[in-house]
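Hi everyone, thanks for coming.

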Amino acid sequence: MSTTIDTLGTSAARTRSAELEKLILKEPGRFRVLTGDRPTGRLHLGHYFGTLHNRVRLQDLGVETFVLVADYQVLTDRDVAENLTEHVEELVLDHLAIGIDPDRSTIFAHSAVPALNQLLLPFLSLVSVAELNRNPTVKDEIAHSRQAAVSGLMFTYPVHQAADILFCKANLVPVGQDQLPHLEVTRTVARRFNERYGAGNPVFPLPEALLSAAPLLLGTDGTKMSKSRGNAIALSADADETARLVRGAKTDAERHITYDPAARPEVSSLVLLAALCEGGDPRQVAEEIGAGGAAALKRRVTEAVNAYLAPIRARRAAYAQDRRLVRDVLRAGNERADAIAEATLKDVRAAMNSDY
């Protein structure tokens with residue numbers, strides 16, 4: 001057995017992702033996707049164009065989709081999970097508003113699926129401390145942790161994530177490039193469990209990464225758009241809040257608008273946002289604004305974002321009128337996820353000869 005975690009290079013992952021996209025179009029029913037978010041605040045346009053709209057796309061293509069509300073994982077880099085009930089409900093509302101259909105996709109909360117979390121113990125036995133210590137994503141998350149002292153949950157986060165993916169035997173995980181090391185841990189756990197306990201009958205698939213070509217949207221301060229930095233345009237923001245945020249967005253001193261992400265990142269991010277909402281090309285958008293300058297750019301972005309989000313906001317407002325519906329969606333998803341996790345845990349116990 002290999003003593004090091006397999007390395008799935010980014011270039012190889014991109015090549016494989018292109019192949020997977022073709023397979024998804026041909027046979028969507030052969031795939032099961034696990035994806036999700038931590039309920040730490042309002043989802044924003046960076047989330048939407050980065051991952052959320054892709055979840056709806058996969059669902060609509062016929063891919064079985066599980067959306068995890070990772071409430072336990074809020075504690076990976078926080079001492080306390082604040083406003084958790086509110087954040088969980090808001091997260092479900094956002095998913096319903098963008099088009100996730102609870103009749104076709106399963107939305108569930110981490111803490112509501114005990115059998116999922118029971119997988120963590122046997123999975124931890126399959127990965128060494130040295131391997132976890134080398135994980136570059138863990139190192140980065142520890143460096144930016146909000147905890148007074150880094151907890152053991154942070155250190156074991158990749159294995160907890162492996163349990164999230166493998167409890168439903170997902171074989172496809174949409175990820176960004178920075179999440180590839182975590183998925184490598186999941187693949188290692190699945191492979192080693194199968195080798196150690198499978199006896200020629202694998203219990204788990206080796207999930208594959210579906211790398212997105214998601215555009216990078218900067219926040220209003222010119223840094224990465226983030227819930228924690230207060231620089232994001234939330235999906236739930238109203239038209240006036242959106243206009244205010246866009247007006248305050250950082251640009252540069254050059255009046256003529258061009259699309260040059262390397263040399264003019266802040267301006268180019270705004271141009272890209274307008275293009276994404278309009279379904280156009282950012283270079284064409286920049287050319288049309290041209291000498292109009294930053295004021296004209298921000299007017300265009302505001303109009304484009306508000307027009308694009310209007311139907312999403314309307315659906316969200318309608319769902320928000322009935323919080324019982326939101327809780328019913330989550331309860332039904334929890335029950336389905338729990339049944340699947342129990343079946344998987346039964347398979348694990350049988351493979352480990354501990355089904356007594």
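This is a predicted model: local features need pLDDT of at least 70, side-chain atom pairs count only at pLDDT 80 or more; totals for chains, interfaces and linings use all residues.

Residues are numbered from 1 along each chain as its sequence is written, and side-chain values use heavy atoms, with hydrogens and water left out.

First, the overall picture. You are looking at 15 helices and five strands; these are DSSP runs, H or I of at least four residues for helices and E of at least two for strands, numbered from the N terminus. How does the radius of gyration compare with that of a compact globule? For 356 residues the globule rule gives a value near 21 Å, and the protein has 21 Å, so the two agree. That radius is taken over C-alpha atoms, and the rule is 2.2 Å times the number of residues to the power 0.38. Along the principal axes, the C-alpha atoms fill a box of roughly 70 × 50 × 45 Å.

Of the 356 residues, 50% are buried. For contacts I use heavy atoms within 4.5 Å. Taking contacts between residues at least 6 apart in sequence, 78% join residues at least 24 apart.

Now please find helix α3, residues 84-98. Its 15 residues reach 21 Å from first C-alpha to last, close to the 21 Å expected at 1.5 Å a residue; the expected span is 1.5 Å times one less than the number of residues. Is α3 mostly covered or mostly open? Mostly covered: 12 of its 15 residues are buried, including the run that starts with H87 and V88 and ends with A97 and I98. What do they pack against? Their partners are the strands β1 (32-37), β2 (64-69) and β3 (105-109), and the helices α2 (45-61), α14 (293-320) and α15 (323-351).

Beyond its neighbours within four places in sequence, T40 is in contact with V74, R78, H87 and K227.

V113 is another loop residue worth a look, sitting between β3 and α4 (114-118). V113 is buried, with a relative accessible area of 0%. Not counting residues up to four places away in sequence, V113 touches F108, N334, A337, D338 and A341.

Finally, some backbone angles. Most residues other than glycine have a negative phi. K169 is not a glycine, yet has a positive phi of about 55 degrees. K169 is in the loop between α9 (157-166) and β4 (172-175), and is partly exposed, at 27% relative accessible area. A199, also not a glycine, has a positive phi of about 50 degrees. Its loop runs between α10 (180-197) and β5 (208-211), and at 77% relative accessibility A199 counts as exposed.

Terms used:
Buried means under 20% relative accessible area, exposed over 50%, partly exposed in between (1.4 Å probe, protein chains only).
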